[in-house]
Amino acid sequence: MLFQITIQNYKYWTKFVPMNEEVKNIELKDLGEFGLIERLTKKIKLFNKNTLLGPGDDAAIINSSKEILISSDMLVEGIHFDMAFTPLKHLGYKSVIVNLSDIYAMNGIPKQITVGLAISSKYTLEAIEEFYDGILLACEKYKIDVIGGDITSCVNGLTISITAIGEAMKKEIVKRSGAKENDLLITTGDLGGAYMGLNVLQREKEVWKSNPNMQPQLDNYNYILERQLKPEARRDVIEFFKKCKVIPTSMIDISDGLASEIFHICKSSDVGCQLYEEKIPIDPQTYQTSMDFNINPTVSALNGGEDYELLLTVNQNDYEKIKNDPNLTVIGHITKKSQGINLIGNGNTSTPLQAQGWSHFNK
């Protein structure tokens, strides 16, 4: 029996419906690949007029008069998620969000996704349907069409591959490479929460392993657990920019930690940066939990990752248009490349910024 956080532990999740006994008794091998695909795709709703043909044929058909944006991500069990404490519906939801975030980071609007799954025999039909319900909830909220994908078996675990397809006007596309000297460096939301949520979950898992009778102590961590298990993409910020007619000069989503993303922008734009430690937005729950774990809250924000906020730069002339949005925080500014990438701490001390976020091929 796994240490498993039930869906009822999360008050922000409201649409969970238990499977009936008939579904629980069906094994994937009895249903088969095409039977499983038919069962999952019959729930799909289409939201976008440019989706001309969804699942059911050899390929989907989409149409657009704008530039097409495409981004893919893979989530692998044991690397990106731990089934000991990850509810399947949350995992399905999150697997969509991490892909939509990349499209928003290009100042685009996601419209469709394809879903690829490699499933081992330990997963039941009930489990896969619960996972897929999470996918469909994300698609309903963000008005995304599932237009196809693939399902196969694998020896171990679960592997998820999702491709997001979006669109944008050519003149509105934002890349990492457009930051200019004196641009303002801005982040959305707050940072470090997802990382500290993961720390709490891993701690409670270790407690359970030593004493399976112990129940996880999660009541005081709702916000950071949601940041880890059920993040949201910043569609609202992109819509705000369009409303006030501001186009960032560069942008990236914060998946590997603030420091790593700053380095990506600076390298692509051939610039330097001054980041002010006191300006980095950190939620009080993130701050206190970091202190409880003897982790500097700034380190959590710089290197934690999985926040899926947006890091962007804007021309100073656009500041008046966006300064009153509570979702945006100016945390620094862009400099010449020769000045380096620096963290400005208390007392105006300057130290070279270190990027120590997630890297797949480092231990």
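The following dialogue explains how to read several features of a predicted model.

Biologist: On what basis are the values in this model computed?

Modeller: The model is predicted, so local features need pLDDT of at least 70 and side-chain atom pairs count only at pLDDT 80 or more, while totals for chains, interfaces and linings use all residues. Residues are numbered from 1 along each chain as its sequence is written, and side-chain values use heavy atoms, with hydrogens and water left out.

Biologist: How many helices and strands are there in the protein chain?

Modeller: Helices (H or I, at least four residues) and strands (E, at least two) are DSSP runs, numbered from the N terminus. The protein chain has eleven helices and 13 strands.

Biologist: What part of the protein chain counts as buried?

Modeller: Buried means under 20% relative accessible area, exposed means over 50%, and partly exposed lies in between (1.4 Å probe, protein chains only). Of the 363 residues, 50% count as buried. The area itself comes from the Shrake-Rupley method with a 1.4 Å probe; for residues, only the protein chains shown count as cover. The protein chain exposes about 18,100 Å², and carbon and sulfur atoms supply 49% of that area.

Biologist: Which strands form the open sheet of mixed pairing that has four strands?

Modeller: Two strands pair if DSSP finds at least two bridges between them. The order here is 3-6-4-5. Strand 3 (67-76) and strand 5 (145-153) stand at the edges with a single partner strand each, so one side of each lacks a neighbour in the sheet. Neighbouring strands of this sheet are turned by 15° against each other on average, direction ignored. Within the sheet, strand 4 (residues 109-119) and strand 6 (residues 158-168) are antiparallel and share ten bridges. Alanine 118 stands opposite threonine 159 in strand 6.

Biologist: Which strands run antiparallel to strand 11?

Modeller: Strand 7 (residues 184-188) is joined to strand 11 (residues 328-335) by five bridges in the antiparallel sense. Here leucine 184 stands opposite histidine 333. Strand 9 (residues 272-276) also runs antiparallel to strand 11, through four bridges. In that pairing, glycine 272 stands opposite threonine 335, and cysteine 273 has isoleucine 334 as its bridge partner.

Biologist: How do helix 5 and helix 6 cross?

Modeller: Axes are lines fitted to C-alpha atoms, for helices over the stretch in contact, and angles run from 0 to 180 degrees between N-to-C directions. The axes of helix 5 (residues 193-210) and helix 6 (residues 222-229) come within 7 Å and cross at roughly 100°. That makes the two helices roughly perpendicular; angles under 35 degrees count as roughly parallel, over 145 as roughly antiparallel, 65 to 115 as roughly perpendicular and the rest as oblique.

Biologist: Which residues meet where helix 6 and helix 9 pack?

Modeller: Contact means heavy atoms within 4.5 Å. Asn222, Tyr223 and Ile224 in helix 6 meet Gln285, Thr286 and Thr289 in helix 9. By class, this contact has two nonpolar, four polar and no charged residues; Ala, Val, Leu, Ile, Met, Phe, Trp, Tyr, Cys and Pro count as nonpolar, Asp, Glu, Lys and Arg as charged, and the others, Gly among them, as polar. The axes of helix 6 and helix 9 (residues 284-292) are 8 Å apart at an angle of about 95°, and the two helices are therefore roughly perpendicular to each other.

Biologist: Where are asparagine 182 and asparagine 348 found?

Modeller: As a general idea, most residues other than glycine have a negative phi. Asparagine 182, in the loop between strand 6 and strand 7, has a positive phi of about 80°. Asparagine 348, in the loop between strand 12 and strand 13, has a positive phi near 60°.

Biologist: Is each of these asparagines exposed or partly exposed?

Modeller: Asparagine 182 is partly exposed, at 43% relative accessible area, whereas asparagine 348 counts as exposed, at 62% relative accessibility.
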